[in-house]
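Have the viewer open as you read.

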Amino acid sequence: MTRHITTRFSFVLGDNGAAPIDLRFKIASEKDADVAARELLLDRVFGPERFQKTSEKLRVNQAPAPGLALVAKTTVGALIGTIRLWPVFAGQKHCALLLGPLAVCPSAKESGVGSALMQQALARAKLQGHASVLLVGDADYYNRFGFEQRFTDRLIMPGPVDPKRFLGRELIPGALSGAAGAVTPVVRLTRHQKLSALAA
Ligand SMILES: CC(C)(COP(=O)(O)OP(=O)(O)OC[C@H]1O[C@@H](n2cnc3c(N)ncnc32)[C@H](O)[C@@H]1OP(=O)(O)O)[C@@H](O)C(=O)NCCC(=O)NCCS
C-alpha cells in the first residue's frame, strides 16, 4: 500500500521579489516509474563516485527492505528527495537496516525534505518491527535523529569508513547491545535459487 503524507505546506518569496516558490511536498513509497529520476538525483548530488562508497558494497545486487524505499515529490510530481533502507547483518547475531543514500535536490535543500524522509523511514521501519539502523554519514546531521557512533564501535564495514561517520540508532532499546563483527548483506534468494537449493 502506498501512503501519501503531506508533510509541509509553505511558500517563500523568491529572490528580489520574484514569484513565490512552492515548497509543498509529499513522502511516498518509491515506484518503478521513480527509479530513473531517483538515479538522476543521486548522480547530481553525489556524482559517479557514489558507486565507490563502502556502503555500496552492501547494496549492490540487493533490494531495499520491502516498503522502505521512499521518495519526496512536489505537488506536480517532481522527485526532490530519496531514501532507502537495506537489510543487513550487524555481526553474526544482530539484524539491522543500512540507511542510504539519503539525498535532496539542491534547489529544495533546507526545506525539511531530508528530515521528513528520515522521520518517515524510521517510523515505518519501527512499525515493521525492525530493531536498528546503521549508516555512514555526517554526524552533525544525523545526531538529531538519534544516530550515534557508540552503537557501531565493534562493527566492521566491508571497506574503509571514517569511524566518526559510521553511526547507529536503536529502534528497540538494547537492539545493538553486543553487536560486533562484520556488517554483511542479507542475501535474498530468487524463487529459482530457492527451488535449486531445495532440489540439491
Ligand atoms: C543532507 C541532506 C540530506 C539534508 O536534507 P535537507 O532537506 O537539506 O535538510 P533539512 O531541511 O531536513 O534539515 C536542515 C538542517 O540540517 C542541517 N544540515 C543539512 N546538511 C547538513 C550536513 N551535511 N551536516 C550538518 N548539518 C546539515 C542544516 O544546517 C539545517 O539545520 P537547522 O535545522 O539547524 O537549520 C541534503 O542536504 C543533501 O542531500 N545533501 C547532500 C547529500 C548528503 O550530504 N547526504 C547525506 C549526508 S551524508
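## Around Glu170

Setting aside neighbours within four places in sequence, Glu170 touches Ser132, Phe151, Ala175 and Leu176, where contact means C-beta atoms, placed from the backbone, within 7 Å. This is a predicted model, in which local features need pLDDT of at least 70, side-chain atom pairs count only at pLDDT 80 or more, and totals for chains, interfaces and linings use all residues. Numbering runs from 1 along each chain as its sequence is written.

Glu170 sits in strand β11 (residues 166-170); strands (E, at least two residues) and helices (H or I, at least four) are DSSP runs numbered from the N terminus. Phe147 is 23 residues away from Glu170 in sequence, yet their C-alpha atoms are 8.2 Å apart.

## The whole chain

| Feature of the protein chain | Value |
|---|---|
| Helices and strands | four helices, twelve strands |
| Buried residues | 32% of 200 residues |
| Contacts joining residues at least 24 apart | 67% of contacts between residues at least 6 apart in sequence |

As for confidence, the chain's mean pLDDT (the predictor's confidence in each residue, from 0 to 100) is 89, and 85% of its residues reach 70 or more. Go carefully with residues 1-16: their pLDDT is below 50, and this stretch has 30 contacts in the model beyond near neighbours in sequence.

Conventions
Buried ≥ 20, exposed ≤ 12 C-beta atoms within 10 Å, placed from the backbone. Contact = placed C-beta atoms within 7 Å.
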